[in-house]
Amino acid sequence: MKHFVSHWELLSGTKNVWRGVNSLGTNHVTVVKDIGCWTLDIDYTNGKSHVSSHNTRDEAMRQAEYFSSWSVEFV
């Protein structure tokens with residue numbers, strides 16, 4: 001079972017565009033299936049960005065957790 005700190009939603013009308021819904025300090029965090037890889041795209045509110053390619057969607061989402069802050073509720 002995989003556990004993520006980040007929460008994602010599949011954008012409606014798409015098959016492979018996932019958006020982080022609980023990211024902090026970013027304009028957006030997306031994971032998109034490109035030809036042959038998954039691309040992580042993070043735009044920070046300070047104008048900087050991060051783009052990287054990954055073999056799997058899970059790998060891209062784990063890297064998103066590393067490169068961005070996330071709002072999490074602990075129960």
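Colleague: How many salt bridges does the structure hold?

Modeller: The structure holds 2 salt bridges. Keep in mind that this is a predicted model.

Colleague: What makes R19 and E9 a salt bridge?

Modeller: The cut-off is 4 Å between a side-chain nitrogen of Lys or Arg and a carboxyl oxygen of Asp or Glu. The side chains of R19 and E9 meet at 2.2 Å, N to O. That is within 4 Å, so the pair counts as a salt bridge. R19 sits in strand β2 (residues 17-20) and E9 in strand β1 (residues 8-10). They are 10 residues apart, and the pair links distant parts of the chain.

Colleague: Is R19 buried, partly exposed or exposed, and how do you know?

Modeller: R19 has a relative accessible area of 32%. Buried needs under 20%, exposed needs over 50%. R19 falls in between, so it is partly exposed. E9, at 32% relative accessibility, also counts as partly exposed.

Colleague: And what makes R62 and E65 a salt bridge?

Modeller: Their closest N and O atoms are 3.5 Å apart. The limit is 4 Å, so this pair counts too. Both residues lie in helix α1 (residues 57-67). They are 3 residues apart, about one turn of the helix.

Colleague: Buried or exposed: how is E65 classed, and why?

Modeller: E65 has a relative accessible area of 16%. That is under 20%, so E65 is buried. R62 reaches 36% and is partly exposed.

Colleague: Turn to the sheet. What is the order of its strands?

Modeller: The order is β1-β2-β4-β5-β6, an open sheet of 5 strands with antiparallel pairing. Neighbouring strands of this sheet are turned by 20° against each other on average, direction ignored.

Colleague: How do you know that β1 and β2 pair?

Modeller: Pairing takes at least two bridges. Between β1 and β2 there are 3, so they pair, and they run antiparallel. In β2, G20 is the bridge partner of W8.

Colleague: How many bridges join β5 to β6?

Modeller: There are 6 bridges between strand β5 (residues 37-44) and β6, and these strands also run antiparallel. That meets the cut-off of at least two, so β5 and β6 pair. L40 stands opposite S52 in β6. The hairpin of β5 and β6 has 4 residues between the strands, and G47 takes a positive phi near 95° there.

Colleague: Which residues form the covered face of strand β6?

Modeller: H50, S52 and H54 form the covered face of β6 (residues 49-54). S49, V51 and S53 form the uncovered one.

Colleague: Which strands does α1 lie across?

Modeller: α1 lies across β1, β2, β4 (26-34), β5 and β6. The helix runs at about 20° to β5.

Colleague: Why is A64 called buried?

Modeller: A64 lies in helix α1. Its relative accessibility is 0%, against a limit of 20%, so A64 counts as buried. Leaving out residues up to four places away in sequence, A64 touches W8, V29, L40, I42 and W70.

Colleague: Which residues have the most contacts inside the largest nonpolar core?

Modeller: They are W8, W18, V29, V31, L40, M61 and A64, in a core of 13 residues. β4, β5 and α1 each supply at least two residues of this core. β5 gives the most, with 4 residues. W8 has contacts beyond four places in sequence, including W18, V29, V31, M61, A64 and W70.

Colleague: How do you know whether T39 is buried or exposed?

Modeller: T39, in strand β5, has 14% relative accessibility. That is under 20%, so T39 counts as buried.

Colleague: What makes T39 and D34 a polar contact?

Modeller: Their side chains are joined at 2.4 Å. The distance limit is 3.5 Å, so the pair is within range. D34 is also among the contacts of T39 beyond four places in sequence, as are T30, V31, V32, V51, S52 and S53.

Colleague: Last one: why is S23 called buried or exposed?

Modeller: S23 lies in strand β3 (residues 23-24). Its relative accessible area is 19%, and the cut-off is under 20%, so S23 is buried. A polar contact of 2.9 Å joins the side chains of S23 and T26. Leaving aside neighbours within four places in sequence, S23 is in contact with V29, S68, S69 and W70.

Terms used:
Residues numbered from 1 in each chain as written. Predicted model: local features only at pLDDT ≥ 70, side-chain atom pairs only at ≥ 80, totals over all residues. Heavy atoms only, no water. Buried < 20%, exposed > 50% of the residue type's maximum accessible area, 1.4 Å probe, protein only. Axes fitted to C-alpha atoms, helices over the stretch in contact; angles between N-to-C directions. Contact = heavy atoms within 4.5 Å. Polar contact = N/O pair within 3.5 Å; in protein donor to acceptor, adjacent residues only side chain to side chain. Core = buried A, V, L, I, M, F, W, Y, C linked by side-chain atoms within 4.5 Å.
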